There are 2 protein chains.
Amino acid sequence: MSEAFNLAGFFPYQVRVFSTVISETIAQVYGAKYGLSVSEWRTMAILGSHQALSASEIVARSSMDKVSVSRAVQSLRKIGYLKRDIDGDDRRKSVLRLTEDGQAVFASLIPLVREVEKKLLEPLEKGERAQLAQLMQKVQAQAFALQGELRSQEAETQDT
Amino acid sequence: MSEAFNLAGFFPYQVRVFSTVISETIAQVYGAKYGLSVSEWRTMAILGSHQALSASEIVARSSMDKVSVSRAVQSLRKIGYLKRDIDGDDRRKSVLRLTEDGQAVFASLIPLVREVEKKLLEPLEKGERAQLAQLMQKVQAQAFALQGELRSQEAETQDT
DNA sequence: TTGACAAAGTTACATATGAAACTAATTTTA
DNA sequence: TAAAATTAGTTTCATATGTAACTTTGTCAA
């Protein structure tokens with residue numbers, strides 16, 4: 001009757017477990033060593049290569065929402081890794097930059113995270129790495145498309 | 001100098017973005033339709049195929065910690081999807097089962113999540129699906145190993 | 001110009017999540 | 001067997017994260 005559902009073989013479950021262990025591993029570099037959260041790390045990583053962005057430009061490049069970015073900016077300012085100016089032309093916009101401290105921390109993090117990334121991928125051949133990225137990309141695009149569909153289905157079905 | 005770090009090309013970032021969109025997509029089934037959280041869904045999924053487990057047996061099969069399971073059990077009891085008895089031999093242990101309601105909900109969820117899983121993987125050939133699972137598995141095992149290493153390194157380096 | 005609408009951020013609220021401390025029951029050990 | 005250690009599960013505390021409401025500033029149309 002109840003055709004045994006096997007959680008361990010369920011693709012979304014596998015992906016989440018996979019992602020969790022990868023995230024934890026890399027967070028041990030920027031998290032355990034520098035006390036940075038994912039949002040803070042991402043914000044620094046983006047400003048590290050594109051100085052002087054507004055918050056919404058960071059949103060656009062980081063898969064974070066504006067609330068996360070706003071909070072990351074606040075905390076990074078508080079610890080002195082980031083400074084904020086107001087855009088002269090549009091006073092709603094901020095102009096965000098890493099401070100010298102922030103740049104120094106970021107610069108020292110780069111080789112560390114690259115090292116862990118390299119170790120993570122060590123069990124794979126060059127070709128396999130490319131394949132993994134490509135397969136994830138395909139499924140991700142499909143998920144993105146499905147989200148739209150599911151959302152509109154829901155809208156149709158909604159009561160009231 | 002600052003050899004541009006490209007977040008979008010950073011493997012752990014890619015994995016997290018990938019995982020987030022997959023999770024959101026599948027959660028639209030059990031979340032939006034039945035108001036279940038990830039922990040609740042996993043708990044039901046495990047009890048759906050293995051009735052009468054203790055909380056720690058669920059922990060062992062679900063990649064959740066005992067706090068998450070404890071909370072999922074509480075909320076599932078509250079909405080009447082799960083019932084708890086105390087183990088006769090070891091009164092610390094619980095004996096958890098889905099109620100009839102819980103079983104009915106779970107049974108109705110199975111085809112829906114299977115359908116979305118199928119659609120997610122549609123862009124991939126059979127062989128590619130197996131490959132994706134295998135590649136994730138390899139990297140995951142490596143991450144697991146690395147976590148141990150990093151943890152012990154940290155212990156060595158600790159101040160005080 | 002001014003009133004409606006949009007955009008950039010922030011704040012408030014709700015929920016999720018995990019580590020550590022705690023309680024109760026059981027097992028081990030001296 | 002009584003004290004010590006272990007196990008199962010819960011609670012507390014701190015932090016994370018997302019939605020919605022809100023503030024400020026800017027744009028566009030009448």
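These legends describe close-up views of a predicted model with two protein chains, A and B, and DNA strands C and D.

**View 1. The surface of the protein near DNA strand D.** Around DNA strand D there are 19 residues, and those that come nearest are A:R91, B:S54, B:A55, B:S56 and B:S70. Two or more residues each are given to this surface by α2 (38-49) and α4 (66-78) of chain A and by α3 (55-62) and α4 (66-78) of chain B. The largest share, four residues, belongs to α4(B). Sorted by class, the surface near DNA strand D has seven charged, seven polar and five nonpolar residues.

**View 2. The surface of the protein near DNA strand C.** DNA strand C is surrounded by 19 residues, of which A:S54, A:A55, A:S56, A:S70 and B:R91 are the closest. The elements giving two or more residues here are α3 (55-62) and α4 of chain A, along with α2 and α4 of chain B. With four residues, α4(A) provides the largest share of the surface near DNA strand C. By class, this surface has five nonpolar, seven polar and seven charged residues.

**View 3. What helix α4(B) packs against, and what follows the helix.** After α4(B) comes B:G80, which has a positive phi, near 80°.

**View 4. The contact between chain A and chain B.** In this view, 55 residues of chain A are in contact with 55 residues of chain B. On the side of chain A that touches chain B, the elements giving two or more residues are α1 (11-34), α2, α5 (100-121) and α6 (126-157) of chain A. The residues on that side of chain A comprise 31 nonpolar, 15 polar and nine charged.

**View 5. The domains of chain A.** The domain assignment divides chain A into domain 1 (7-123) and domain 2 (125-160). Taken over C-alpha atoms, the centres of domain 1 and domain 2 of chain A are separated by 24 Å.

How values were computed:
Residues numbered from 1 in each chain as written. Chains lettered and ligands numbered in written order. Predicted model: local features only at pLDDT ≥ 70, side-chain atom pairs only at ≥ 80, totals over all residues. Near = placed C-beta within 6 Å. Nonpolar A, V, L, I, M, F, W, Y, C, P; charged D, E, K, R; others polar. Contact = placed C-beta atoms within 7 Å. Domains from an automatic or database assignment.
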